[in-house]
Amino acid sequence: NEEFEEDLERINGAGKHLLGLINDVLDISKIEAGAMDIFLETFPVAPMVQDVATTMKTLVEKNSNTLEVVCPDLVGSIHADTAKIRQCLFNLLSNASKFTDKVIISLTVSRDTEDGQEWVNFAVADSGIGMTDEQMGRLFEAFAQAEKSTTRRFGGTGLGLAITRHFCKMMGGTVLVESETGKGSTFTMKLPAVVEESPGTQAGQ
């Protein structure tokens, strides 16, 4: 019934938004309680990245943005927690989409070696509002956003980046950020190509 279509879409969107907020709060609670596990398995990076890009397409295009993915086959496979990498990429791409409009958002994946260890890097870049050094200093705090007006204008809890950093640390990696006011931001997840097992990790099937 077309009469109810707009209202039902609004209800559906609100439900998904609420579910996302609840999941973020549950994740940060598990992390702070030391009850979050990681599940390690070996999987090819390219299909996972393409799947993330397909899933995020609608959100990226909501503000008339375009997503460009660069993931060469030579990146190969990674031994890590696929669900958590996906969630981290969702968080970074969601942020980039939220703070930009009518621009290209890029997801670039690369592999390199440092001090004998192989790393896989996932870089999400945008040309949005950018951040000052002071704002970047608060970036990974739970429930923190760049400034109060950001919360009013764009919504959200400020948990996405905190969760992303925690997940990367759990896998022996890190999140790097480069940004300049008015010129956009680049967030890079740097993860070991082979995440080592430690207390709280479980091997995948």
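Which residues does methionine 48 touch, not counting residues up to four places away in sequence? In this predicted model, the list is Phe43, Thr82, Ile85, Arg86, Leu89 and Phe122.

**Core**

The largest nonpolar core holds 41 residues. Val45, Met48, Ile85, Val109, Phe122 and Met189 touch the most other members. Several elements give two or more residues to this core, including helix H2 (45-61), helix H3 (82-98), strand E4 (104-114), strand E5 (117-126) and strand E7 (184-192). Strand E1 (38-44), strand E3 (77-80) and helix H6 (160-170) are also among them. In general, nonpolar side chains in soluble globular proteins tend to be buried together. E5 is mostly covered, with 8 of its 10 residues buried.

**Sheet**

The open sheet has 5 strands in the order E2-E4-E5-E7-E6, with mixed pairing. Strand E2 (66-70) and strand E6 (174-180) stand at the edges; each has a single partner strand, so one side of each lacks a neighbour in the sheet. From one strand to the next, the twist averages 15 degrees. H2 packs on this sheet and touches E2, E4 and E5. The direction of H2 makes about 175 degrees with that of E2.

E4 and E5 pair in the antiparallel sense over 9 bridges. Serine 110 stands opposite asparagine 121 in E5, and arginine 111 stands opposite valine 120 in E5. The hairpin of E4 and E5 has 2 residues between the strands. In that hairpin, aspartate 115 takes a positive phi near 50 degrees. E5 and E7 also run antiparallel, joined by 8 bridges. Here alanine 123 stands opposite threonine 188 in E7.

**Salt bridges**

A search of the whole structure finds 7 salt bridges. Three of them are tabulated here.

| Pair | N to O distance |
|---|---|
| Aspartate 112 – lysine 190 | 3.9 Å |
| Glutamate 114 – lysine 190 | 3.1 Å |
| Lysine 183 – glutamate 180 | 3.7 Å |

Asp112, Glu114 and Lys190 are linked in a network of salt bridges. How buried or exposed are its members? Lysine 190 is buried, at 12% relative accessible area. Glutamate 114 is partly exposed at 39%, and aspartate 112 is partly exposed at 27%.

Glutamate 114 lies in strand E4 and lysine 190 in strand E7, so this pair ties together parts 76 residues apart in sequence. For aspartate 112, also in strand E4, and lysine 190, the separation is 78 residues.

Outside that trio, lysine 183 is exposed, with a relative accessible area of 60%. Its partner, glutamate 180, counts as partly exposed at 45%.

Conventions. Residues are numbered from 1 along each chain as its sequence is written. This is a predicted model: local features need pLDDT of at least 70, side-chain atom pairs count only at pLDDT 80 or more; totals for chains, interfaces and linings use all residues. Side-chain values use heavy atoms; hydrogens and water are left out. A nonpolar core is a set of buried Ala, Val, Leu, Ile, Met, Phe, Trp, Tyr and Cys residues joined through side-chain atoms within 4.5 Å. Buried means under 20% relative accessible area, exposed over 50%, partly exposed in between (1.4 Å probe, protein chains only). Helices (H or I, at least four residues) and strands (E, at least two) are DSSP runs, numbered from the N terminus. Contact means heavy atoms within 4.5 Å. Two strands pair if DSSP finds at least two bridges between them. Axes are lines fitted to C-alpha atoms, for helices over the stretch in contact, and angles run from 0 to 180 degrees between N-to-C directions. A salt bridge is a side-chain nitrogen of Lys or Arg within 4 Å of a carboxyl oxygen of Asp or Glu.
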